[in-house]
Amino acid sequence: MHLLYQIFIDPFVQMGTAPDLFVQTLWEGLVTGVLYSLIALGFVLIFKASGVFNFAQGIMVVFAALALVGFYEHGVPAYLALGLTIVLMLILAFAVERLILRPLVNQAEIILFMATFGLTYFLIGFGELIFGGDPKVMISGALGLPSGSYQIKTLGGFVQMQKIDIAAAIIASLMVASLGIFFQKTRIGRALRAVADSHRAALSVGISLEQIWVIVWFAAGIVALATGIMWGARSNVSFALEIIALKALPVLILGGFTSIPGAIVGGIIIGLGEKIGEFYWGPLFGSGIEDWLAYVIALVFLLFRPQGLFGERIIERI
Amino acid sequence: MRAPSGPEIAVGDVLLSVENVSLSFGGVKAVTDVSFDIRKGEIRAIIGPNGAGKTSMLNVINGFYHPQQGRITFKGKARGHMRPYDAAYGGIARTFQNVALFRGMTALDNVMTGRSLKMRRGFLWQLLRHGPALAEEVEHRHRVEEIIDFLKIQDIRRVPVGRLPYGLQKRVELGRALAMEPELLLLDEPMAGMNIEEKEDMSRFILDVNDYYGTTIALIEHDMGVVMDLSDRVVVLDHGIKIADGTPDDVKKDQAVIDAYLGVAH
Amino acid sequence: MFYREAGQFKTTYAADSALFPILQDKIGIVLILFVAFILVPLTASDFAIDSILTPILVFSLAAIGLNLLTGYTGLLSLGTGGFMGVGAYACYKLATFFPGINIVVLIICSGFFAAAAGILFGLPSLRIKGFYLSVATLASQFFLSWCFIRIPWLYNYNVSASIEVPTRTLFGVPVTGPTATPATRYIVVLAIVSIMTWLASNLIRGRIGRTWMAVRDMDIAAELIGIKLYQTKLLAFAVSSFYCGVAGAMLVFLWLGNAESESFNINQSFLILFMVIIGGLGSLLGSFLGAALIWGLPIVLRTVPGFFNLSIKAATVEHITFMTLGALIILFLIAEPNGLARLWQIGKQKLRVWPFPY
Amino acid sequence: MRLKRLVLGAALATLIGVPALVSQASAETFIPLFTYRTGPFANSGTPIANGMHDYFSMLNARDGGIGGSKVAVEECETGYKNEKGVECYESVKGKHPAIITPYSTGITLALIPKAAVDHIPILSMAYGLSASAVGKDFPWIFNPPATYWDGLSIIFRYIGGKEGGLDKLKGKTIGYIFFDGGYGREPLPLLHQFAKDYGFNVKEYPVPPAQMQNQSSIWLSVRRDRPAYMIMWGWGAMNPTAVQEAAKTGYPMDHFIGIWWSGSEDDARPAGPAGKGYLSLNFNAVGANFPALQDIKKYVIDKGNSQTPKGQLGENFYNRGVLNAAVIAEGIRNAQKLTGKKDITGDEMRRGMESLKITAARWKEIGLGGFAAPMAVSCSDHNGHHSAYVQQWDGTKWVKVSDWIAPMKDKVEPLLDAAAADYVKKNQPWPKRTEACDKSS
């Protein structure tokens, strides 16, 4: 009886009695969700255009952030370092296309998936070799990102919002919006959408598959850089971040592998679900359930909608 | 090819009957109120232009799709909601329009999978692969080798089917269906994409199966010549509706059929 | 020239479907077993046995387990580490409850617990396919790791939250615990792995193996020829997890001698997946080759600088190892996407027709 | 096709060319250092590795080794992974190491049973298995200067001092945030006993390894539960994240105390000015103002024989590494004195460690006066339960804010003995101690 009360009543009582904490939890969930969305977005871009399930997205986040800080530490001014990192991501995109995707064209999905594992290992080694494995402090100040927080006294308590988190939310929205415009309005964007449906269709638009691959990997690199800056500013830049990138997988499950809005909505659902679950129900299990909660949310969801949030119902044909 | 008196003498008891079956996918109607029957020992053809609902019909018969309306009676028993393997257990085997072989396996293994239903030895025996398990395996191998001989694919036994030419793949697929020793064999365009020699071979096999094993066959085919030569009775579908049913000769003369094939506006 | 099957005629179907139908292969396997069981324990150094051979064998068994699921049945799993953990913790509890029963028996028994966990977490496979399923297995991975630390009963409430292996004997010789020699532990591991590999090869050559592969290649068609999908998939999950569980139990009891939750984390799952894919999906031999390459390569790379008397910093070596491993994975995939096992086959084919090119 | 052949050839060449691992050090003392400069724990591991390495290099360069025996140092990268640690152990054990420093609680636990069999002493300096302080059951394991339980009791003494008596904690809440693994779970029994003794509530906040950098909901819970003090057992990337999140939630930083492994500059620095006031335990001094450290600079760093980046010399974890190396060096000297031999192997090293005494005067003699508290290890007590002090982050560096505080031996020792007995009981048959104690101890 007591247990039932703790599971079904008590958390809601808590939400009612301390609304400021509830709002704060929602905010934290939202911000975490936005960051998950950004990682998932990188996955989606690449999967949509090249059918590659890019396991290396997580390490690209670390690599980009590490490169940014690394350049800065070598005396490059912050904005120039940002530019250099973007160039580095472009080089990476070219290298990936030339050295991995092109030789492996037409191979099975799992082979390409595996190749991105190889890429992950390579980037871990390469990143640590060049920039060192020790964690670095994100240069958010030098980049002009705000620090400090707003404290809103409300609801009988206060809600604290980090300026950097607000900036993260704004930058993420801008990024999604510009990607949306890019896909809808530009010739290359249309070609990208075409390639998602049929590779041959893309050729007829007059853009080669190779170019498209470079573009999507570059775009995913930029998204990774943005994610790395934001998450790096929250804690710091280290290889431990990589494991968090796995959280993008349940997000993808919810949102579907090819849907950009799906990645955003999925990320926010996972972020909110995880924080609320941990905060209100976690203590029942001795806390720390965040480790698997996201996956279980995704799993339960899948059992009812195997095609994901925005996916269409699959009709099997033979 | 067929003896002229074919249609009359091949008539046996009704093996399977389809009554008022309708099937739709989210509002799109694939099959509307279709009824026909298949009799024991006959070769029954289902024809019609593209998108007529032929393959959907086969999918309904072997339980892959569940019709919204109508009833299917197999061997005198009406079937409720069933899964495809129930159909397989009941004795319905099938080949597919786009070859649905197990591409990573050899031709021999593909045909052997057809025997899975008939194999009885449990997991532990399978683990040991000695004594009864091996005996069973060998026994079924004998049956499979017979089929392989019958279809003349001895030399490609060990080749992964993904590497075989299309015509041979179709033959292996027929072999896999035959290995199930079905009472009713559904063939979905068994001759699609074949050249004339291959078609002749395949026709020969189909007739032989019918004669030699006494298997009832329902087939979908586009090549009218083949259909007319092979089949005892023909049912014609168009836009999911049955427009004709009868002997090849009757169907050939049917005005609705001629219109459907020539694309006369309704 | 020497590797010919000409003149070796099979007169029964049983002989035709034997594990090694060709005489030269039979001789080869006897030789390999002789070397592995007798020569190696007598001659190899403790380091070679304990840091290279034993782990390779343990990981091979886990790779076979995953291969049965992913390579043969086509179900991608990222939960191998968790299932290995179930085996390890089950074995630890069994050893606590039944100190009198032989440890090798317990190691095998712990596989059943892993199999049960596999069936449980395999249930979603009935509705979920492909990468989506792999996320379901990821859920099991994280949930199980969490259990290994959060349920203190599993590690007998040890303050260290880890499991320690007690000394146990087999025929009077210690096989687990600190006093067991590397060679003894190696022989036990080798025996278990050899037998289980043989059993796996029996399974995959028979009806069950064919139904697995049928489900992998085209599940719809498999169902239409009378294969019950969920039974087949769950059986694959069960057998696969059984193998992983035994591998996990061996990892702790016959190799490391100690483990904590982190020994069975997500990285372990990825490591095994690497081995399977590099070795070759759907090949038992590939599981061994993959394990040997993925485990052995870093060790070899680490010793290379010392070989040339180069003094490179330990960390740099580690970074370069990572880079090389990553690059090699990609290179191997480009050279032969079907894995080392396929390369092996090509080599054998070349040998068969040698000295003629075709 | 050509590519295929190349790859094949390369693979074959590497596989066949597995070199035999034979190398035998001569006229020197072999000390392998298990370090991690890679992976998620590199931030904590790298400065420690540098400190250990540089101190030995300095002894070799300045004195030609220890007592005439050159120190052969070999680093083995573990990445903080248990499998790698065991592999490192197997690869060095044939080369007769004098002592092994695993620098990971997990690896230490894996090596404890092996050490007795292979006669290799293990020094887990204030980490590893607390119970291994009991020399009668663990003759080969040393964990001075203090165990985690000592550390926890020191923290409580400090809190008691601030509050004006531990009884003042009655009815209050103490939060414990910890790395969810063996390391972080070890203090729990003592913490709960304290809770019973002093009448406070404990709130546990476990941080799973994968969530080290994702702690926002944990700190939200802290905000809800309002603990009077937060105690942290963190490592690697968990530390800086926790300090940052604490600052974000507005938790009073001077009520947030970390164990000695949560007190590196890199742990507090990322939080910026908001991290000011954060406390942590320590048992070695910070700063480079010691003759031995100056010698390191002169003989090693300035000569370019070091991986130490500028400014790391004198930082907390660097000095921790130096302390670790100094303890080993003193152990070797002691063993040389006991046995009269120059090159020390494991057996002799165990004797040297079991009668190790470093007085304040001796610290001064080796150029480390005031660097650490006097340290004594005995045959029965492999730890010593020495004092530690509390340091505070002032925004740029650590400042010592307390005296050396002794642990509550009376609370810790019964727990230790029980834990050691429990370990032995669960690992039957555990070898009985056969090694004789030296008279001098």
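The following legends describe close-up views of a predicted model.

**View 1. Overall fold of chain D.** Chain D holds 15 helices and 13 strands. Its radius of gyration is 22 Å, close to the 22 Å given by the globule rule for 441 residues, so chain D is as compact as a globular protein of that length. Along the principal axes, the C-alpha trace of chain D spans about 70 × 65 × 50 Å. Buried residues make up 61% of the 441 residues of chain D. Among contacts in chain D with a separation of 6 or more, 71% are between residues 24 or more positions apart.

**View 2. The two domains of chain D.** Domain 1 of chain D comprises 28-146 + 286-376 + 417-426, and domain 2 comprises 148-282 + 390-407. The centres of domain 1 and domain 2 of chain D, taken over C-alpha atoms, are separated by 27 Å.

**View 3. Contact between domain 1 and domain 2 of chain D.** Domain 1 of chain D brings 16 residues to this contact, and domain 2 of chain D brings 21 residues. On the side of domain 1 that touches domain 2, two or more residues each come from helix H2 (42-63), H4 and helix H12 (316-339) of chain D. That side of domain 1 is made up of 9 nonpolar, 6 polar and 1 charged residues.

**View 4. Contact between chain D and chain C.** Here 44 residues of chain D meet 39 residues of chain C. On the side of chain D that touches chain C, at least two residues each are supplied by helix H1 (2-16), strand E2 (70-77), helix H3 (82-93), helix H4 (105-118), helix H6 (182-185) and helix H15 (409-426) of chain D. H4(D) gives the most to this side, with 7 residues. By residue class, the side of chain D that touches chain C divides into 19 nonpolar, 13 polar and 12 charged.

View 5. Ser178(A) lies in helix H6 (residues 163-185) of chain A. The residue has 10 other C-beta atoms within 10 Å and is therefore exposed, the cut-off for an exposed residue being 12 or fewer. Val237(A) is 59 residues from Ser178(A) in sequence, and the C-alpha atoms of Ser178(A) and Val237(A) are 26 Å apart in space.

Methods. Residues are numbered from 1 along each chain as its sequence is written. Chains are lettered from A and ligands numbered from 1 in the order in which they are written. This is a predicted model: local features need pLDDT of at least 70, side-chain atom pairs count only at pLDDT 80 or more; totals for chains, interfaces and linings use all residues. Two residues are in contact if their C-beta atoms, placed from the backbone, lie within 7 Å. Helices (H or I, at least four residues) and strands (E, at least two) are DSSP runs, numbered from the N terminus. Ala, Val, Leu, Ile, Met, Phe, Trp, Tyr, Cys and Pro count as nonpolar, Asp, Glu, Lys and Arg as charged, and the others, Gly among them, as polar. Domain bounds come from an automatic or database domain assignment. The radius of gyration is taken over C-alpha atoms; the globule rule is 2.2 Å times the number of residues to the power 0.38. A residue is buried if 20 or more other C-beta atoms lie within 10 Å of its own, exposed if 12 or fewer, and partly exposed in between; C-beta atoms are placed from the backbone.
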